[in-house]
Amino acid sequence: MAFETIAAEKKDNVGLITLNRPDALNALCDSLVNEMAEALDDFEADAKIGCIVITGSEKAFAAGADIKEMQGKSYMDAYQEDFITRNWERVVSCRKPVIAAVQGYALGGGCELAMMCDFIIAAENAKFGQPEISLGVTPGAGGSQRLTRFVGKSKAMEMCLTGRMMDADEAERSGLASRVLAQDGFMDAVMETAAKVASMSRPVAMMVKEVVNRAYEMTLSEGVRFERRMFQSLFATDDQKEGMAAFVEKRKPEWKNR
Ligand code: CAA
């Protein structure tokens, strides 16, 4: 697919989206989020794709929403178009696993986009922050809520009130990033992880994503009940039979994705 503000490619079973506005450090403008949504729709519909990766450049994952594009909006503009909704949040409704591969700046909407993904792999030079307060606004794409759930109130509050950036080590230590990887060979290592996810049974990977995400939305006992019912339902699938038979027969499973 030909896009102007992103690149989208299929590498075996992985769909890769590279944000591509180098002159604006991949600031998220309307056309970028619309193109990203179109690419996500395509990856979601393609049965071959088992995992999606969103990345930026070595310097910036994304330096936030496009300040130049939004600066002139009135309250009625923002309210009536429901600014930062629709395609801005398309990634949240993806059923396939989505990995954020963050090098350089992930600020404001960039940090929020990374947090909408299922997990974040950070390069050593990654820097995360919610600097919106310096622009006279609060975070607007979920940062105040998701960052707080990831790193706890104290750190989230400090970052949102001061605009301080968190480096990759701090991000991993505080649970924002799942791992920090060397910059050298970063994307190869991320794609290896994505290929591993894509090699699993498609429906089971989607269900794993669903059960983990319930932890954010439910009480513990309701979440465990949901997980238990999902687990039990998998005994009706071909892939549970195949996965367990392959273990017993000491061979690799051949998923039917059924
Ligand atoms: N929107 C629009 N343009 C941006 C941008 C943004 N968020 N971030 C960077 N750019 C542009 C700069 O204006 C500059 O363009 P020009 O060359 O035309 O001036 C270009 O990208 C390069 O940026 P810098 O010269 O500033 O690069 P730097 O290396 O000196 O600094 C930086 C890098 C610290 C990330 C700095 O660019 C910066 O602070 N950017 C803004 C970060 C920010 O405030 N993000 C939050 C946006 S609001 C938001 O996201 C709301 C929400 O919750 C959804």
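Helices (H or I, at least four residues) and strands (E, at least two) are DSSP runs that are numbered from the N terminus. The views show a predicted model, in which local features need pLDDT of at least 70 and side-chain atom pairs count only at pLDDT 80 or more, whereas totals for chains, interfaces and linings use all residues. Residue numbers start from 1 along each chain as its sequence is written, and side-chain values use heavy atoms, with hydrogens and water left out.

**Figure 1. Arg 173 in helix α7.** Helix α7 (residues 168-173) contains Arg 173. With a relative accessibility of 66%, Arg 173 counts as exposed; the scale used here is buried under 20% relative accessible area, exposed over 50% and partly exposed in between, for a 1.4 Å probe and protein chains only. The C-alpha atom of Arg 173 lies 9.2 Å from that of Val 151, and the two residues are 22 apart in sequence.

**Figure 2. The nonpolar cores and Phe 128.** A nonpolar core is a set of buried Ala, Val, Leu, Ile, Met, Phe, Trp, Tyr and Cys residues joined through side-chain atoms within 4.5 Å. In soluble globular proteins, nonpolar side chains tend to be buried together. The largest core in this model has 49 residues, and Leu 19, Ile 54 and Phe 128 have the most contacts inside it. Helix α1 (residues 30-45) supplies the largest share of this core, six residues. Contact means heavy atoms within 4.5 Å. When neighbours within four places in sequence are left aside, the residues in contact with Phe 128 are Val 102, Ala 106, Leu 107, Cys 111, Ile 120, Ala 122, Met 159, Arg 164, Met 165, Met 166, Ala 171 and Leu 176.

**Figure 3. Packing of α9 against α10.** Two packed helices are described by the angle between their axes and the distance between the axes. Axes are lines fitted to C-alpha atoms, for helices over the stretch in contact, and angles run from 0 to 180 degrees between N-to-C directions. Helix α9 (residues 202-214) and helix α10 (residues 220-233) have axes that come within 9 Å and cross at roughly 165°. The two helices α9 and α10 are therefore roughly antiparallel; angles under 35 degrees count as roughly parallel, over 145 as roughly antiparallel, 65 to 115 as roughly perpendicular and the rest as oblique. The crossing of α9 and α10 is left-handed, a term for a near helix turned anticlockwise from the far one by less than a right angle, with right-handed used if it is turned clockwise. Met 207, Glu 210, Val 211 and Arg 214 of α9 meet Phe 226, Glu 227 and Met 230 of α10 in this contact. Four of these residues are nonpolar, none is polar and three are charged; Ala, Val, Leu, Ile, Met, Phe, Trp, Tyr, Cys and Pro count as nonpolar, Asp, Glu, Lys and Arg as charged, and the others, Gly among them, as polar.

**Figure 4. Packing of α4 against α5.** The axes of helix α4 (residues 109-116) and helix α5 (residues 143-151) are 10 Å apart, at an angle of about 55°. This angle makes α4 oblique to α5. The crossing of α4 and α5 is left-handed. From α4, the contact involves Glu 112, Met 115 and Met 116, and from α5, Gly 143, Arg 146, Leu 147 and Phe 150. By class, the contact of α4 with α5 comprises four nonpolar residues, one polar residue and two charged residues.

**Figure 5. Packing of α5 against α6.** Helix α6 (residues 153-162) packs on α5 at an angle of about 140°, with the axes 7 Å apart. The pair α5 and α6 is therefore oblique. The crossing of α5 and α6 is right-handed. Leu 147, Thr 148 and Val 151 represent α5 in the contact, and Lys 153, Lys 155, Ala 156, Met 159 and Cys 160 represent α6. Five residues of the contact of α5 with α6 are nonpolar, one is polar and two are charged.

Figure 6. Most residues other than glycine have a negative phi, and most peptide bonds are trans. Leu 25, although not a glycine, has a positive phi of about 50°. Leu 25 sits in the loop between β2 (14-19) and α1, and is partly exposed at 26% relative accessible area. Lys 250, also not a glycine, has a positive phi of about 55°. Lys 250 belongs to the segment after α11 (238-248) and is exposed, with a relative accessible area of 78%.

**Figure 7. Ala 7 in strand β1.** Strand β1 (residues 6-11) contains Ala 7, which counts as partly exposed at 31% relative accessibility. Residues up to four places away in sequence not being counted, Ala 7 touches Leu 16, Ile 17, Thr 18 and Asn 20.
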